[in-house]
Amino acid sequence: MFSLKNKTALVTGSTFGIGLGILQVLARAGANVVMNGRKTPPDLDQLLKELSSHGNRAIFIPADVSQAKDRERLFQESLKAFGRFDILVNNAGSFFDSGWDRLNEETFDSTMNLNVKATFFMSKRVIDHCRELKQKGSIVLVASTNSFAAERGSPCYDTSKGALLMMTRSLAVQTFKDSVNVNALCPGLVDTPLVRKLAGDDATFNMIGRNVPKGRFCTIEECGYAVLYMVSDEGQYMTGQHITLDGGILAVQHTAVDDLGAKTPS
Ligand code: NAD
């Protein structure tokens, strides 16, 4: 069940954080995996050793997916290394907002270029490949709870993540006649180096975690298991949809009444 044996999976932005968690789970399911990042991680040998300890193989390809040439090279080198290409997880994405007053066209363009444009064209490359060879394929877009609900201070990020949900549906509609499924993962708050850095210190990080309805951050591995279903043979009927992994964040109504400290039935 959920075996990815002999399949090739590329996860963009997977040297640490959510991408690495997804890559670890896909490798455990037997996939030959391609780790990608802009920079070579300091613990590369150890990471590749762990990732390739499941009767599979693992390689690292440095590439900046916001660059068209790098995207094509990343796809070609992955294909060449394993002789086939089956699974793409578009995880690389970033947060460039740094306040409304500093927001300019550069902030907007860099956000859209990486979070939206790179995801669209990496996906198109894989769809065209699967179509050409008449083979199965699975694509996952890493969106966010910010695809549904906006946060103060992140208008560009929110806009980009909202676009990814519609892109998921739109790419699914283009591929109904192909053996390709396209879905999104929408995490809430995940324990990653980026989030720890944004929190600033351990006390703030722990307080944020406690404020999640489930009382903790999501783990990078939990993100991996949600992706595993969507890219598995068993999950092929799911397309144009998303899995929200938010520990209940979007299920709760936060109102002014809460701010007043009013007692509500528990
Ligand atoms: P992150 O944003 O710090 O990304 C880590 C990885 O992305 C690294 O491997 C890095 O090399 C790579 N990367 C960054 N820019 C790249 C580029 N241009 N080309 C190739 N690789 C690049 O880590 P994260 O917090 O794990 O976020 C991963 C994804 O999950 C992002 O799309 C983010 O928006 C989304 N997300 C994160 C959270 C969270 O709580 N961390 C919540 C919801 C969604």
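A residue counts as buried if 20 or more other C-beta atoms lie within 10 Å of its own, with C-beta atoms placed from the backbone. By that criterion, 41% of the 266 residues of the chain are buried in this predicted model. The chain holds nine helices and seven strands. Its radius of gyration is 19 Å, close to the 18 Å that the globule rule gives for 266 residues, so the chain is as compact as a globular protein of that length.

**Overall fold**
- Along the principal axes, the C-alpha atoms of the chain fill a box of roughly 60 × 40 × 35 Å.
- Among contacts in the chain with a separation of 6 or more, 73% are between residues 24 or more positions apart.

**Thr244**
- Thr244 lies in strand E7, which spans residues 242-245.
- Thr244 counts as buried because it has 20 C-beta neighbours inside 10 Å, and the cut-off is 20 or more.
- Leaving aside residues up to four places away in sequence, Thr244 touches Thr145, Cys186 and Leu250.
- Cys223 is 21 residues from Thr244 in sequence, and their C-alpha atoms are 9.7 Å apart in space.

Methods:
Residues numbered from 1 in each chain as written. Predicted model: local features only at pLDDT ≥ 70, side-chain atom pairs only at ≥ 80, totals over all residues. Helix = DSSP H or I, 4+ residues; strand = E, 2+ residues; numbered from the N terminus. Rg over C-alpha atoms; globule rule 2.2 N^0.38 Å. Buried ≥ 20, exposed ≤ 12 C-beta atoms within 10 Å, placed from the backbone. Contact = placed C-beta atoms within 7 Å.
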